[in-house]
Protein chains: 2
Amino acid sequence: MTSEQLATFIHTNPVVVRRTIAGLRDAGIVTSSRGHGGGWQLGRAPEEISLAEISAALGETLLPFSTEPESPGCLVEQAVIAALDDFRVEAERLLAERLSRITLADLAADFHRRYELIGVTSHAV
Amino acid sequence: MTSEQLATFIHTNPVVVRRTIAGLRDAGIVTSSRGHGGGWQLGRAPEEISLAEISAALGETLLPFSTEPESPGCLVEQAVIAALDDFRVEAERLLAERLSRITLADLAADFHRRYELIGVTSHAV
DNA sequence: ACACTTGTAACTAAGTGAGTTACATGAAGC
DNA sequence: GCTTCATGTAACTCACTTAGTTACAAGTGT
C-alpha cells in the first residue's frame with residue numbers, strides 16, 4: 001500500500017504516515033519502495049511481528065516514568081527514583097514479555113472474526 | 001509545611017503545589033489547614049501510605065494506553081484495543097500490586113540512608 | 001520523458017501543562 | 001474587631017510538543 005492509501009484509511013496525511021512508519025522501516029518490520037507500484041509492505045510474516053517489537057520500533061515507552069533526575073543532588077528524588085527503578089525494570093520486563101506474545105497475525109485473525117460478524121449481522125438485518 | 005516551603009524545596013510555585021496536592025487532600029492522604037500556623041500534614045502514618053494510592057490520587061495512569069476508540073466503527077482499531085485491553089487489565093493489576101508495597105516510610109528510610117552516607121562521606125573528605 | 005512514489009526539511013496550528021497573578025475564604029494572635 | 005498568614009481557585013501567559021501541511025529532492029517503473 002502507498003502512504004496515500006494508508007493516510008486515507010486512518011484519516012490523516014501521507015507525510016504523517018511516512019514519518020511515523022519510518023521507525024518500523026528502520027527496524028525492518030516493513031519495507032518501502034519508491035516509484036511506480038511502490039509503497040509499503042510487511043518485512044516478514046505477520047506471525048513473526050509482535051506488538052513488543054512494533055512498540056520498541058516506534059520509540060514508545062511502556063511505562064510513563066522518567067528515569068533521569070531533574071534535580072541532581074536531591075536525595076528525596078534519588079530515593080524515589082531508586083525505589084521506582086527496581087519496580088520499573090521488573091514491570092518493563094513483564095510488559096514486554098506479554099506484548100511479545102501478541103502478533104500481527106493475532107490482530108488480523110480478530111479483525112476477520114469481527115468482519116464476519118458484521119457481515120452476517122448486516123446480511124441478516 | 002506550607003505550600004510556600006514545599007514550593008521552595010522543589011523549585012516551583014506555591015500555587016502549582018496546591019493545585020497538584022489537591023488530589024492527595026481529596027484522597028485523605030494529606031490534610032490542609034488555613035490561616036496562622038496552617039499548611040500541610042500527612043493524613044496518616046507514612047507506613048500506611050503506598051505509592052499506588054498516591055499515584056491513583058494524583059490521577060496518574062500506570063500505562064500510557066488509551067482505552068477509548070478514536071474512530072468508532074473501525075474494526076482494526078477495535079481489534080487492537082481488544083487485544084491490548086486484556087493485556088492492560090492484567091498489567092495494571094500487576095503494577096498496582098507492586099506499587100502498593102512501597103510506602104512513604106520505605107522512601108523515608110532510603111532517604112535517611114543516603115543522608116547518612118553523604119554526611120559520612122563529606123566528613124571523611 | 002513522464003508519472004508516481006518515498007524521504008525529509010520547514011513551517012503552521014492545536015493542544016497540554018507549568019508558571020503566574022489576583023482575589024476570595026478561613027483561622028490564629030493581638 | 002483587626003491584622004496577618006494560610007489555603008482554594010479562577011484566569012491568563014508562556015513554553016513545549018505533536019499533528020498537519022507545503023514544498024521539493026531523489027529514486028523507480030512504463
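How many residues does the contact take from chain B and from chain A? The count is 27 residues from chain B and 27 residues from chain A. Keep in mind that you are looking at a predicted model, so treat every value here as computed from that model.

**How the two copies are arranged**

Let's begin with the general idea. Two copies of a chain are related by a rotation about an axis and a shift along it.

**Where the chains touch**

Together, chain B and chain A bury about 2400 Å² between them, and 78% of that is on carbon and sulfur atoms. Three residues of chain B stand out: Leu75(B), Phe87(B) and Arg114(B) supply 23% of the area that chain B buries against chain A, which is more than any other three residues.

What about the polar side of things? Between chain B and chain A there are 3 residue pairs in polar contact, counting pairs with both residues at pLDDT 80 or more. On the side of chain B that touches chain A, the elements giving two or more residues are helix 4 (75-99) and helix 5 (104-124) of chain B. Helix 4 of chain B gives the most, with 15 residues. Sorted by class, the residues on this side of chain B come out as 21 nonpolar, 2 polar and 4 charged.

**Salt bridges**

Over all chains, the count comes to 18 salt bridges. Across the interface of chain B and chain A there are 2 salt bridges. Here are two examples to find in the structure:

| Salt bridge | N to O distance |
|---|---|
| Arg98(A) and Glu90(B) | 2.8 Å |
| Glu92(A) and Arg88(A) | 3.3 Å |

The pair Arg98(A) and Glu90(B) links side chains from chain A and chain B. The other pair, Glu92(A) and Arg88(A), sits within chain A. Why are Glu92(A) and Arg88(A) separated by about one helical turn? Because they are 4 residues apart in helix 4 (residues 75-99) of chain A.

**Inside one chain: two domains**

Now zoom in on chain A by itself. Its domain assignment gives domain 1 (1-43) and domain 2 (51-125). The contact between them takes 6 residues from domain 1 of chain A and 5 residues from domain 2 of chain A. As for spacing, the C-alpha centres of the two domains of chain A lie 23 Å apart.

Domain 1 and domain 2 of chain A bury about 410 Å² between them, with 85% of it on carbon and sulfur atoms. On the side of domain 1 of chain A that touches domain 2, the largest share, 3 residues, comes from helix 2 (residues 14-26) of chain A. By class, that side of domain 1 has 4 nonpolar, 2 polar and no charged residues. Across this domain interface of chain A, the salt bridge count is 0, and 0 residue pairs are in polar contact with both at pLDDT 80 or more.

How values were computed
Residues are numbered from 1 along each chain as its sequence is written. Chains are lettered from A and ligands numbered from 1 in the order in which they are written. This is a predicted model: local features need pLDDT of at least 70, side-chain atom pairs count only at pLDDT 80 or more; totals for chains, interfaces and linings use all residues. Side-chain values use heavy atoms; hydrogens and water are left out. Domain bounds come from an automatic or database domain assignment. Contact means heavy atoms within 4.5 Å. Buried area is the accessible area (1.4 Å probe) that two parts lose on being put together, summed over both. A salt bridge is a side-chain nitrogen of Lys or Arg within 4 Å of a carboxyl oxygen of Asp or Glu. A polar contact is a pair of N or O atoms within 3.5 Å; within protein, one must be able to donate a hydrogen and the other to accept it, and residues adjacent in sequence count only if both atoms are side-chain atoms. Ala, Val, Leu, Ile, Met, Phe, Trp, Tyr, Cys and Pro count as nonpolar, Asp, Glu, Lys and Arg as charged, and the others, Gly among them, as polar.
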